[in-house]
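Q: I am new to this structure and would like to learn how to read it. Could we take it feature by feature?

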Amino acid sequence: MNEVIQNMTSRRSVKAYKSDEVPKEMLEQIIQAGLYAPSGMNKQSPIILAVTDKKTRDELSKANAGKDPFFRADPFYNAPCVLVVLADKSVPTYVYDGSLVMENMLLTAHSLGLGACWIHRAKETFELPEWKAFLKKLGIEGEYEGVGNCIVGYMDGSYPMEKPRKENRVYYI
């Protein structure tokens, strides 16, 4: 099997991480892959926040968990890095473009031997006034929507097992 296809079919969502930092060179490769994701009309609307500062990461985790007891105390599963993908809402394909960025980063992390997982609620988090202010403080202007949080780190424990693929999902015409 082709190496790219092997990487795609063997990737799993990792939900347990060691607290060890991910080397900056590896994060840069993951981010670079995200920046090369396709985008509608090549608008390249998504941006990435690379959150490695523990204090900021923990505040982001708390905001992501919200007040609902359904959510875990740490929805980022102890991952030391969160790559937040936001996209410019004025671009008609912004959600799709941001999703492609997420997928490229997930696959790249896996290819580098790291664990990664798409964690939702970036949209809800970055609708909060304090996180809008956070973006403004970084100099990010405009209407950006959180598409997803890509948590990245060294896996703690064994790699998740493959789950069977559902049948009858392809129709040839």
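This is a predicted model: local features need pLDDT of at least 70, side-chain atom pairs count only at pLDDT 80 or more; totals for chains, interfaces and linings use all residues.

Q: Is Y36 buried or exposed?

A: The general idea is to look at relative accessible area, where a value over 50% counts as exposed and one under 20% as buried. Y36 has a relative accessible area of 64%, so Y36 is exposed.

Q: How far is Y36 from L100, in sequence and in space?

A: Sequence distance and spatial distance are read separately. Y36 and L100 are 64 residues apart in sequence, while their C-alpha atoms are 9.3 Å apart in space.

Q: How many helices and strands does the protein have?

A: The secondary structure consists of six helices and four strands. Their order along the sequence is α-α-β-α-β-α-β-α-α-β. The radius of gyration is 16 Å, close to the 16 Å that the globule rule gives for 173 residues, so the protein is as compact as a globular protein of that length.

Q: What box do the C-alpha atoms fill?

A: Along the principal axes, the box is roughly 45 × 40 × 35 Å.

Q: What share of the contacts with a separation of 6 or more is between residues 24 or more positions apart?

A: Here the point is to ask which parts of the chain meet. In this protein, residues 24 or more positions apart account for 84% of the contacts with a separation of 6 or more. As for burial, 42% of the 173 residues are buried.

Q: Which residues touch the most other members of the largest nonpolar core?

A: A core is read as a set of buried residues joined through their side chains. The largest one here has 23 residues, and L83, M105, C150 and V152 touch the most other members. Two or more residues come from each of helix 2 (24-35), strand 2 (81-88), helix 4 (94-111) and strand 4 (144-153). Helix 4 supplies the largest share, six residues. There is also a second, separate core of 19 residues, with V14, Y17, V82 and C117 among them.

Q: What is L83 in contact with, leaving aside its neighbours within four places in sequence?

A: The contacts of L83 are I30, I31, I48, L49, A50, M105, G148, N149, C150 and V152. M105, C150 and V152 are also named among the core members that touch the most others.

Q: Where is G98, and is this residue buried or exposed?

A: G98 belongs to helix 4. Its relative accessibility is 0%, so G98 counts as buried. Not counting residues up to four places away in sequence, G98 touches P46, V85 and V147. G98 and I48 are 50 residues apart along the chain, with 9.4 Å between their C-alpha atoms.

Q: What does I119 touch, not counting residues up to four places away in sequence?

A: I119 sits in strand 3 (residues 115-119) and touches N64, P75, F76, Y77, G148, N149 and I151. With a relative accessible area of 9%, I119 is buried. Between I119 and N64 there are 9.0 Å, C-alpha to C-alpha, and the two are 55 residues apart in sequence.

Q: Is T125 buried or exposed?

A: T125 is part of helix 5 (residues 122-125). Its relative accessibility of 2% means that T125 counts as buried. Beyond its neighbours within four places in sequence, T125 is in contact with L60, A63, N64 and W131.

Q: Which residues lie closest to the centre of the largest pocket?

A: The largest pocket holds about 300 Å³ of space. It is lined by 17 residues, and S19, E21, T52, P80 and C81 are the closest to its centre. Helix 2 and helix 3 (54-65) each give two or more residues to this lining, and helix 2 gives the most, with four. By type, the lining has seven nonpolar, three polar and seven charged residues.

Q: What lines the second largest pocket?

A: This pocket has a volume of about 260 Å³. Its lining is made up of M8, T9, R11, R12, S13, K15, P160, M161, E162, K163 and R165. Three of these residues are nonpolar, two polar and six charged.

Conventions: Residues are numbered from 1 along each chain as its sequence is written. Side-chain values use heavy atoms; hydrogens and water are left out. A nonpolar core is a set of buried Ala, Val, Leu, Ile, Met, Phe, Trp, Tyr and Cys residues joined through side-chain atoms within 4.5 Å. Buried means under 20% relative accessible area, exposed over 50%, partly exposed in between (1.4 Å probe, protein chains only). Contact means heavy atoms within 4.5 Å. On a 1 Å grid over the protein atoms alone, a cavity is a set of points where a 1.4 Å probe fits but cannot get out, and a pocket is an open set with protein on both sides within 12 Å along at least five of seven lines; lining residues have an atom within 4 Å of a point. Grid points are joined across faces, edges and corners, and a volume is the space filled by probe spheres set on the points. Ala, Val, Leu, Ile, Met, Phe, Trp, Tyr, Cys and Pro count as nonpolar, Asp, Glu, Lys and Arg as charged, and the others, Gly among them, as polar. The radius of gyration is taken over C-alpha atoms; the globule rule is 2.2 Å times the number of residues to the power 0.38.
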